[in-house]
Amino acid sequence: MASSDSSLELEPREPVPSGSAFRARATRRAAQTADAWRSDGAARWLFIWPAVLLILVLSIFPLVASVALSLGRLAFHQGGVDLKIIGFANYQQLLFGLERSHFLGVLKAPNPIGWAVVLATLALCAVAWTRAARGGRVRPIGLLLRLVGGLLLVGSVWVLVQALASDGGRPGALIVTLIFVFAGIVLQYALGLGLAMLLVQQVPWRRFFRIVFLIPLTITPVGVGYMFLMMTDTSKGPLEPIWVALGLRDFTWVTDPWLARLAVIIGDTWQWTPFVFIVLLAALESLDQEVREAALVDGAGRWQSFRHITLPAILPVTTTIILIRLIEGFKIIDMPNILLGGGPGTATQSLTLQAYIDWNTLNLGRSAAIAYLLLILVSVVATVYVSFVRRRVTDLA
Amino acid sequence: MSRYRMVAAAIIPILVLSACNSSASPSPSSAAPQASTPAATTQASAPAASASTVAASPGTKFKGISVNILTFNGPQVAEPLQRRAPDWEQLTGGHVNVVAVGFQTIYDKALLDASTGTNSFDAYVFDPQWMGDFTGPGYLLDLTDRVTNDPQLNWQDIGPFFRDFNATYNGKVYTIPLDGDFHMVYYRKDLLEKDGVKPPATWDDYLAVAQKYNGQDLNGDGQPDYGSCIAKKKGAQSYWWIISIAAGLLQGKGTNDGAFFDTSNMNPLFGPNEAITKALETYAKTKDFGPPDELNMDVGGSRGLFTTGRCALTMDWGDIGTLTPSTYAQDKTGATITPGWTQVLDRASGKLVACDATTCPNAVNGVNYAPFASFGGWSGAINAKAPKENQDAVYDFLSYMSSPAISGIDVTLGKTGYNPYRTSHFDNIQPWLDAGLSQPAAENYLGAIKSSLTNANMVLDLRIPLTKRYEQDVLDTAVSQYLAGELDAAGTEQAIADGWNAITEEVGKDKQLAAYVASLGVQR
């Protein structure tokens, strides 16, 4: 841009060229243009296409190939292996067949609390839809989509309460994954924001704590899994004397499914809170202090300042962090696998872990089917989240 | 123009350097063709040739040949291969590259490598249970002629069980044993002798002994310890222990009877019947006398607790015996055959019946012992599609590793994860004493192994196509759910039966039945 601007400024000052000089200049310019084009084109080709091809080979092709895999079954034969197409049998097995109890869970009739949750969700959806319809601002197609979305939400809540708020119900890998994702995100965001708010102040040892808080993020998830495996080992782990001193000799994380899930969530939170912390810290440090100071001068309290100035200001960053953690959280495998092997029973078996177990026994078709169901779930949740948050951010703006 | 030239100038040296680099240091697989020197080919093509049998100059026989072996990253199992490889390389001029991966990934890595034609590994040191998946499609090299004509290997010195079952499938030898595996029960000999308590003969005895010592201070540290430590973590070894406990209730008429399926119709024996109910209940009761987090403990945890004196009883492979030297449990440990039962399953009715001469012909004092050869022992198999010279070299290395002189030392070391499997391992007690065991401890340990190996009712581990899915997926998940209280006994039995039947139907019932019967058809 700079060079073209300067040439524009200089051109009028140049004398009018003679015919031969003009031709020579035109030839030179044409050659320069061709060289420049060739140079840019070559660079473009050289730098962009390898990356595009790499993405196509490493991402798109496996994505398409795994569709076929999810619809098939491997058969080993003399000198090779065949993929026998069996239609949607792998999906059928997961959603309605033998693996349903592991994938969705054991679903029983809801207890009174479960019914209350379902009815409350139904009522909320009905109210929201009625308001949208009466408002007249939503087009018919929008109303239809809202209706479908509402029904999906009620259906999801129905499945959840049958597994979690029922007598004899039990969550499967899908619901366990959702628990890990949402509980983890809430904890990580709350802790990350708290730590960021703390270190944005001029506290002693500020730089030191910034580095210390980042350490968990630098450790490989498998390493974190083994570390928590040792720490939660109450009979022979390094913290055994502490457990004993606290009178928790017979305490264990692993016989109760909810304690086991809590152990996984704590480990995951320990590892990923620093990510939330560092991004929010950067966002907080970039805020205009004058606005907050003006609010304080006008008599706003600390909470009011935080609620009405700080939170809205960091909302775009918050949106991004939660989206990243949401997508990443659905893929959780290291912590439940290393820490508990998905146990006790199937209490901590996430979707990715279930796919991994199938992969290890070369049940590649079912493993791919789980991966595709996970892809659909993540896409739906992320899309709903983004559209929901975008509207809120737009409203705030 | 200048940018174009700069890019070109930057890329050309990179390409040239890459080309030079790749030609200077070839990958293991690219080294194979270079190894096909006339001398190496000639030597290697001799039938059943081995480093020590062919009169070749030391250090040149497999010169230039590099072989890749896939195995478990233990650190046991890979350790002896990595430690011994330089010695073999010195002897033959070859090179061994041990690729060690996690236990859960060996099976799929090996099978995909062979089935997709990648063939990046020349040999696999793996679980011989998986042979059913490898031998059918012809992924493994038939070693029958080699092993029987190899003086270095001394095939007849290998225990009959490991020769005829572990290494053999449908009458052909496919693997070279490096390890001998089956379960035994270990007990605190010092405590039981002091109290005049006999080692458990039945599982009821086991529970009684465990109850007696549970909560007592067993190692003098002033803290209460545990009556029994059996690893129960999901995705680890949990499913093997339940097979050991159920074995004596399921198999009464000898090895050929089978303990997994009814050999007449392929109906799962691990299904709704009184034997499995009793086995599950017994397995769950051992929890009452174990550490609080036993449900999340793998075999490394139970070994640690036993060798530090914190458990009165444990069940394990032969590893405990070689792990005790220099620990609290040294000279305080006794080993005995896996406890049995005084009842056995009547397969027609699904009920338990008392053991007698007809139902339990091999019973000792009315107790039906059925020691379980779980896993079978790490064994080396050769990729049928590996280059010929690599097959010869890697065979020679595996033969070297299994040879009496080398394996005689390795099986006495706890760090190897290898347990005895040769007659000479039992006859020559000196290496055991050198490894730190006392004479009585070594004799007790080897005696327990011998009594298991010579038992006519030994239970063979499942070895049919998709074995890993039957055991490590369906059985492991169902048993783990039972221990965690997610399923009751009836639900667990039904889940196992349904899961196993689904796998059987997937492969084909007739095919699986034929494979199962073939795997049991060993004449001993």
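A: Let's start with helix α21 of chain B, residues 489–507: its 19 residues reach 27 Å from the first C-alpha to the last, close to the 27 Å expected at 1.5 Å a residue. That expected span is 1.5 Å times one less than the number of residues. Helices (H or I, at least four residues) and strands (E, at least two) are DSSP runs, numbered from the N terminus. This is a predicted model, so local features need pLDDT of at least 70 and side-chain atom pairs count only at pLDDT 80 or more, while totals for chains, interfaces and linings use all residues. Residues are numbered from 1 along each chain as its sequence is written, with chains lettered from A and ligands numbered from 1 in the order in which they are written.

Which residues of α21(B) are buried? They are B:T492, B:E493, B:A495, B:I496, B:A497, B:G499, B:W500, B:I503 and B:T504. Buried here stands for 20 or more other C-beta atoms within 10 Å of a residue's own, exposed for 12 or fewer, and partly exposed for anything in between, with C-beta atoms placed from the backbone. As background, an α-helix has 3.6 residues a turn, so residues three or four places apart point the same way. The cover over the buried residues of α21(B) includes α12 (274–286), α20 (467–483) and α22 (509–520) of chain B. Just past the end of α21(B), B:G508 has a positive phi of about 120°.

Now for the domains. By an automatic or database assignment, chain B has domain 1 (61–177 + 379–416) and domain 2 (184–375 + 458–520). Contacts link 14 residues of domain 1 of chain B with 17 residues of domain 2 of chain B.

Chain B also holds an open sheet of four strands, in the order β8-β9-β7-β10, with mixed pairing. Strands pair if DSSP finds at least two bridges between them. β8 (226–229) and β10 of chain B are at the edges with a single partner strand each, so one side of each has no neighbour in the sheet. Five antiparallel bridges join β7 (184–188) to β10 in chain B; B:M184 has B:I337 as its bridge partner, and B:V185 stands opposite B:T336. As for burial, β10(B), residues 333–337, has five of its five residues buried.

Stepping back, chain B has 22 helices and 15 strands, and buried residues make up 55% of its 524 residues.

Note on methods: Two residues are in contact if their C-beta atoms, placed from the backbone, lie within 7 Å.
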